[in-house]
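Visitor: I would like to know what stands behind the labels used for this chain. Please take me through them.

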Amino acid sequence: MLDHYLPILVFILVVMLVGAGPLVLGYLLGPRRPDVAKDSPYECGFEAFEHARMKFDVRYYLVAILFIIFDLEIAFLFPWAVALVDVGAYAFWSMAIFLGILVVGFIYEWKKGALEWE
């Protein structure tokens, strides 16, 4: 019984070594030369000039919601379209409801002005 799982265990061990091995080697053998410039916070190529807890414009969140809407739509639409003949009318109407919910989110984004770029 255990001999069926041995190849899987060996595969997991190899994956762990390939994934963690270079990280450990880099940590152990890599040079350590701390510097003020290396230890300073870096974002977008310039020094931070405002507080980290500042409020974001609501358009940032609206664009994120828009991305999630289209990402979910594509992630579920392709497998559904491939298997549409096999799954039948129930799956068709389930996807129609799902797409209707996504259209409501898209209309919300449109009304809030997330599609208008400045």
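Guide: Helices are DSSP runs of H or I with at least four residues, strands are runs of E with at least two, and both are numbered from the N terminus. α5 is followed by G113, whose phi is positive, near 90 degrees. This is a predicted model: local features need pLDDT of at least 70, side-chain atom pairs count only at pLDDT 80 or more, and totals for chains, interfaces and linings use all residues. Residues are numbered from 1 along each chain as its sequence is written, and side-chain values use heavy atoms, leaving out hydrogens and water.

Visitor: How many helices and strands are there in the chain?

Guide: Five helices and zero strands. The order from the N terminus is α-α-α-α-α.

Visitor: Why are α3 and α5 called roughly antiparallel?

Guide: Angles run from 0 to 180 degrees between N-to-C directions, with axes fitted to C-alpha atoms over the stretch in contact. Under 35 degrees counts as roughly parallel, over 145 as roughly antiparallel, 65 to 115 as roughly perpendicular, and the rest as oblique. Helix α3 (residues 58-82) and helix α5 (residues 89-112) pack at about 160 degrees, their axes 10 Å apart. The pair is therefore roughly antiparallel.

Visitor: What makes the contact of α3 with α5?

Guide: Contact means heavy atoms within 4.5 Å. From α3 the residues include L62, L66, I69 and F76; from α5 they include M95, L102, F106 and K112. By class, the contact has 18 nonpolar, one polar and three charged residues. Here Ala, Val, Leu, Ile, Met, Phe, Trp, Tyr, Cys and Pro count as nonpolar, Asp, Glu, Lys and Arg as charged, and the others, Gly among them, as polar.

Visitor: Why is Y61 called partly exposed?

Guide: Buried means under 20% relative accessible area, exposed over 50%, and partly exposed in between, with a 1.4 Å probe and protein chains only. Y61 has 42%, so the label is partly exposed. Y61 is found in α3.

Visitor: Which residues are buried in α3, and which in α5?

Guide: In α3, L62, L66, I69 and W80 are buried. In α5, A91, M95, L102, G105 and E109 are buried. The buried residues of α5 pack against α3 and α4.
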